[in-house]
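Reader: Could you take me through one part of this model in close detail, and then show me how the rest of the chain is put together around it? I'd be glad to have the cut-offs spelled out as you go.

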Amino acid sequence: MSADGKILVAGASRGIGLAAAKMLLERGRGIIAAARNVNALKEAFAPYDNAEIFACDFSDVDTIASFAERINNESGPISGLVYTAGMQLTMPISMNKPDSVKKIFALNTFAPIELIRCFSKKKMIAEQGASFVLISSLAAHEGAQGKSLYAATKGALEGFLPSAALELAQRKIRLNAIVPGIIETAMSKEFLDKMTKEQRSVINDSYPLGLGAPEDAASLIFWLLSPESKWATGQAYIIDGGHMVRG
């Protein structure tokens with residue numbers, strides 16, 4: 001893999017982002033780890049020499065352009081970007097008030113679109129090009145009680161994907177997304193812990209290969225960021241332990 005340009009991991013302090021960042025480092029890539037919780041980043045990446053740490057609250061979309069300029073000025077062009085920051089809300093439609101809609105769309109949808117806008121400029125990416133990866137969710141493909149807002153934010157990302165990938169290909173940038181089922185992270189634990197024992201059993205039974213680990217998603221992200229996937233763009237890759245093929 002080319003050593004030119006580091007990989008920006010947005011949301012690297014926990015969950016899939018943390019797993020992806022560590023996998024990249026352990027396989028020889030340099031990373032730029034960004035999240036709101038800088039102390040968590042420092043603790044997570046203290047053992048690694050090839051990790052740079054930057055603070056960014058991605059829910060504040062108006063600050064992302066200045067964040068991108070700072071990355072470029074201090075670290076130079078990047079060769080990859082993965083956006084794993086996000087939030088999950090579980091609540092009925094009757095509670096989907098404008099403030100809640102704006103809050104979850106800002107972090108889950110508007111922020112990654114703004115990052116892509118900023119880092120798609122010629123000076124921002126390595127000479128050989130770059131690969132960008134978004135995180136969607138099976139929530140955009142199947143109904144789940146109380147998940148309408150979360151599903152909408154991920155569905156919007158997948159709608160953005162084809163046209164954006166076509167345009168970015170002209171700039172030597174590939175854009176793909178992964179569509180994971182339930183990954184056992186701190187975010188999903190909040191949702192799972194609210195279930196009864198019987199409800200949790202139904203969820204477990206619906207995943208023939210079991211619930212996912214962050215490393216399962218990180219492996220697919222790693223491939224999409226690598227030259228091994230140089231012919232792949234504009235695709236949303238489902239990774240769900242067999243959940244959707246049950247019929």
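Author: Asp216 sits in helix α8, which covers residues 214–225; helices here are DSSP runs of H or I with at least four residues, strands are runs of E with at least two, and both are numbered from the N terminus. With a relative accessible area of 41%, Asp216 counts as partly exposed, because buried means under 20%, exposed means over 50%, and partly exposed lies in between (1.4 Å probe, protein chains only). Asp216 and Pro180 are 36 residues apart in sequence, yet their C-alpha atoms are 9.2 Å apart.

A word on the ground rules: this is a predicted model, in which local features need pLDDT of at least 70 and side-chain atom pairs count only at pLDDT 80 or more, while totals for chains, interfaces and linings use all residues. Residues are numbered from 1 along each chain as its sequence is written, and side-chain values use heavy atoms, with hydrogens and water left out.

Now to Glu158, which belongs to helix α5. Its relative accessibility is 17%, so Glu158 counts as buried. Leaving aside residues up to four places away in sequence, Glu158 touches Ser136, Ser137, Ala140, His141, Val179 and Ala236, where a contact means heavy atoms within 4.5 Å. Gln235 is 77 residues from Glu158 in sequence, with 8.8 Å between their C-alpha atoms.

Lys172 lies in the loop between α5 and β6. The phi of Lys172 is near 65 degrees, a positive value in a residue other than glycine. Most residues other than glycine have a negative phi. Lys172 is partly exposed, at 48% relative accessible area.

In the segment after β7 (236–239) you will find Arg246, partly exposed at 46%. Arg246 touches Ser206 and Pro208, again not counting residues up to four places away in sequence. Between Arg246 and Tyr207 there are 39 positions in sequence and 8.7 Å from C-alpha to C-alpha.

Looking at Phe119, its contacts beyond four places in sequence include Leu8, Ala68, Ile71, Met124, Phe132 and Ile173.

Finally, the whole chain. The protein chain holds 8 helices and 7 strands, and 50% of its 247 residues are buried. The C-alpha trace spans about 50 × 40 × 40 Å along its principal axes. Among contacts with a separation of 6 or more, 71% join residues 24 or more positions apart.
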